[in-house]
Structures are given as C-alpha cells and as structure tokens.
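This report describes salt bridges in the structure shown here. It begins with a single residue and then turns to the contacts around it.

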Amino acid sequence: MTGKFTQMKKKFMRFAGAAMILTLVTAAVEPVYATTISEIQQQREEDEKQLGNVNQQIADYKGAQADIGSEIEELDAEMVSLLTDINLIKEAIQEKEEQIAQTQADYDTAVAVKDEQYETMKIRIKFMYEQGDISYLQLFTESLDVSDMLNKAEYVEKVYEYDRKLLTEYQETVEQVAALQDKLEEEKSELQTSQYELEDEEAYLEEVLAQKKEEYENYTVMLAQAKQQAAAYTTKIKQETAQIKQLEEEERKRREEEERKRKEEEERRKAEQDQLLAQQGQDGTGQSAPATNTGNSSNSSQEKPSSSSSGSAKGQEIANFACQYVGNPYVAGGTSLTNGADCSGFVMSVYKNFGYSLPRSSYAQSGVGKSVSYAEAQPGDIIYYGGHVAIYIGNGRIVHASTERTGIKTESATYRSIITIRRII
C-alpha cells in the first residue's frame with residue numbers, strides 16, 4: 001500500500017505546483033504606469049507572453065481534467081466489475097455454508113446410526129455368546145450330528161459377519177462425510193481469502209476514486225481562476241493597445257504640426273530671400289535644401305515557422321517452474337516461493353523469475369496481457385476466478401497458492417467458475 005499512497009502524494013504535489021503557478025500568474029496582473037510608447041509596447045509584449053502562458057495552462061488543465069474524467073469512468077467500470085466479483089464470491093460462500101451445514105447434518109446422522117448399530121451389535125453378541133442359547137460348547141453337545149453342528153456354527157458366523165459388515169459400512173460413511181466436510185471447509189476458506197483480497201482492492205479503488213474526484217474539482221477551480229486571469233490580461237492588453245494608439249495619434253499630430261511649421265518657416269525664408277534678391281535687382285535661384293522625409297517606421301514582428309510457438313514453449317517452462325513449489329506454505333501478503341506467498345504473490349514471483357513484471361493484486365493481474373478462451377488455454381496462462389489467480393499447467397490442471405490449510409497445490413482448472421484467462425507471453 002505504500003506505493004499507492006506515494007502516487008497520491010505525487011498527485012497532491014502536482015496540485016500544489018499548479019496552484020503555485022496560478023498564484024504567480026495572479027500576482028503578475030498589476031496596473032502599469034508607463035508613459036511612453038516604447039515602455040507600453042514593452043509591457044504589452046510581457047503581458048502577451050503571460051497571457052500565452054495562462055492560455056497554455058488552461059489547455060493543460062483541460063487536458064488533465066479530461067484525462068482524469070476518463071480515469072474516473074474507468075475506475076467506475078472497474079468498481080462495477082469488482083463488486084460483481086465480490087457478490088459472486090459471497091453467493092459461493094453462502095452456498096458452501098449451506099453445503100457444510102447439510103454435510104454436518106449428514107455426518108451427525110451417520111455417526112448416530114453407526115453408534116446405534118454398534119450398540120445393537122454389542123447386545124446381540126452379549127446375548128448370543130454370554131447369555132444366549134447358543135454357545136460354541138452347545139454347538140458340540142446339542143447338535144444332532146457334525147452337519148447340524150456346522151450349520152449352526154455357520155449361522156453364528158454369518159450373524160457376526162453381517163454385524164461387522166454393517167458397522168464397517170457405517171464407519172466408512174462417517175469417514176466419507178468427514179472428508180467431504182473437510183473439503184468444503186477448505187473451499188470456503190479459499191473463497192473467504194478471495195473475498196478479503198477483493199474487498200481490500202475495493203477499498204483502495206474507493207480511495208483512488210475519491211482522490212480523482214477531488215483532483216477533478218481542483219482542476220475546475222484552477223480553470224475558473226486561470227480563465228479569470230486570462231480575461232484580466234486580455235483587458236489589460238486592450239487598454240495598453242488603446243494607450244499606444246492614443247500616443248501614436250498624438251505623436252502623429254505633433255509631427256504634422258512640426259511639419260506645417262517647418263514648411264511655413266521655409267516659405268517665409270524663401271519669401272524673404274526672394275524679396276531681398278528683388279531689392280538688390282539681381283536674378284538668382286534659391287535652392288532649397290533637399291527635404292528629408294522622416295518616417296516613423298515600426299518594427300513588425302515576423303512569424304516564425306512552426307515546427308507463438310516460442311511463447312508456448314516459454315509458457316510450459318513457466319508452468320514447470322511453478323510446480324516445483326507445490327507443498328510450500330500459503331502466507332497472506334507473502335511473495336516468497338519458498339517461505340510463503342498468497343495467490344497473486346505466487347503468480348507475480350513465478351513470472352518475475354522469467355523477467356516479467358506483474359502487478360501485485362489478483363484483480364490487477366486479471367487485466368494483464370490478452371484474453372483467451374478456455375479452449376485456447378496453454379501452460380503458463382493466468383486464470384482469474386474473481387479474487388483469486390492461478391497458473392494453468394495443461395491437461396485441465398492449475399497450480400496456485402490456495403489457502404493456509406493447503407498451501408501451494410495443483411488441482412482441476414474448473415474447480416471454480418473462471419472469470420478470464422490472460423496470456424502475457
């Protein structure tokens with residue numbers, strides 16, 4: 001569980017980082033007191049850059065929120081599947097409990113019948129051999145002949161054999177019922193183990209789902225704030241643009257006025273020169289200095305160019321390797337092939353030995369690789385029963401870490417209802 005909480009912590013840090021960026025953006029939107037076109041243009045370029053950052057942040061937030069929305073949908077679907085598995089296991093446990101109760105009743109009945117038969121046989125033996133009319137001595141003294149004696153002796157033996165046979169049969173019935181009860185208890189124990197694992201997975205999914213929903217809401221708040229900041233920057237840039245236009249218009253009028261005055265001065269000087277020449281009686285041509293056109297060129301920004309057979313053999317190798325550990329203990333939460341493992345820990349450790357990295361829980365392992373049908377199952381495939389996983393070893397058999405009572409063992413692949421079969425090699 002430590003890794004899961006570490007991931008949540010990273011998510012939280014990402015929220016904190018995003019919130020910090022948004023705070024910095026918020027603090028940057030301040031009034032500007034520039035008075036020249038150059039200063040205002042410089043400030044506008046900075047504001048446009050900040051607006052671009054905020055718009056990019058908005059796009060990132062939307063993308064992240066959309067991803068989280070998809071994750072929430074997937075988690076909801078997983079939760080439905082998980083709850084379905086839990087309900088199936090609960091129903092199976094209830095059926096096992098009913099079978100165990102019926103088996104207990106059958107066991108009690110068999111024991112009672114056996115005890116009754118035993119008591120009856122004791123009474124009969126006592127009557128026949130201790131106080132009865134027929135004893136082995138009487139067989140010799142009261143028989144008419146040897147043939148009669150043998151007939152009576154045979155009758156006594158038949159009665160004894162009959163009693164002993166009945167008692168043996170009842171004893172065998174008791175033993176069979178007891179064995180069935182043990183088997184049912186073992187199956188119930190495995191189902192309960194699967195239920196606990198699935199419920200643990202359910203609790204984790206609920207925790208992650210709540211975290212994702214909180215994360216989704218956090219992005220909603222940050223999106224609203226970022227949009228607000230983008231609007232503020234947009235308004236500020238419009239104001240700066242209007243200021244620049246106003247200053248440019250004032251500059252244009254000032255230059256027009258200066259040009260008008262310059263021309264008036266040139267005309268006045270020319271008129272004075274003409275008048276002076278006229279008074280001197282000389283003909284001359286005044287050459288005016290070439291006019292220097294001063295244009296106010298603005299630097300426009302330029303756009304920058306944007307810029308199978310092998311798998312079957314490996315599966316058999318995995319199956320053979322897994323079978324080496326039959327008889328080793330089952331340990332809840334364990335991953336050791338020798339010292340003890342639970343069902344998913346056993347599968348994970350077997351595959352790890354061949355260089356495959358599998359998730360830890362049985363539910364997560366039910367989604368690895370690709371799905372195959374039971375008819376297509378090959379040695380090395382993973383079989384998921386709902387809260388329990390096993391490795392298929394061929395010929396309709398599996399090897400798995402079953403329960404604390406039985407440890408790692410092999411048995412029929414169809415001993416429980418199969419949910420899915422996964423192939424990863």
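Arg254 is partly exposed, with a relative accessible area of 37%; partly exposed lies between buried (under 20% relative accessible area) and exposed (over 50%), using a 1.4 Å probe and protein chains only. The model is predicted: local features need pLDDT of at least 70, side-chain atom pairs count only at pLDDT 80 or more, and totals for chains, interfaces and linings use all residues. Residues are numbered from 1 along each chain as its sequence is written, and side-chain values use heavy atoms, leaving out hydrogens and water.

Arg254 meets Glu251 in a salt bridge of 2.2 Å, N to O. A salt bridge is a side-chain nitrogen of Lys or Arg within 4 Å of a carboxyl oxygen of Asp or Glu. Both residues lie in helix H4, 3 residues apart, about one turn of the helix. Helices (H or I, at least four residues) are DSSP runs numbered from the N terminus. Glu251 is partly exposed at 21% relative accessible area.

Arg254 also forms a salt bridge with Glu258, where the closest N and O atoms are 2.4 Å apart. Glu258 is partly exposed, at 44%. Glu251, Arg254, Arg255 and Glu258 are linked in a network of salt bridges.

Lys188 and Glu97 form a salt bridge, with their closest N and O atoms 3.6 Å apart. This pair links distant parts of the chain, 91 residues apart: Lys188 is in helix H4 (residues 146–280) and Glu97 in helix H2 (residues 37–129). Lys188 is buried, at 18%, whereas Glu97 is partly exposed, at 37%.

## Total

The count comes to 23 salt bridges.

Key: Helix = DSSP H or I, 4+ residues; strand = E, 2+ residues; numbered from the N terminus.
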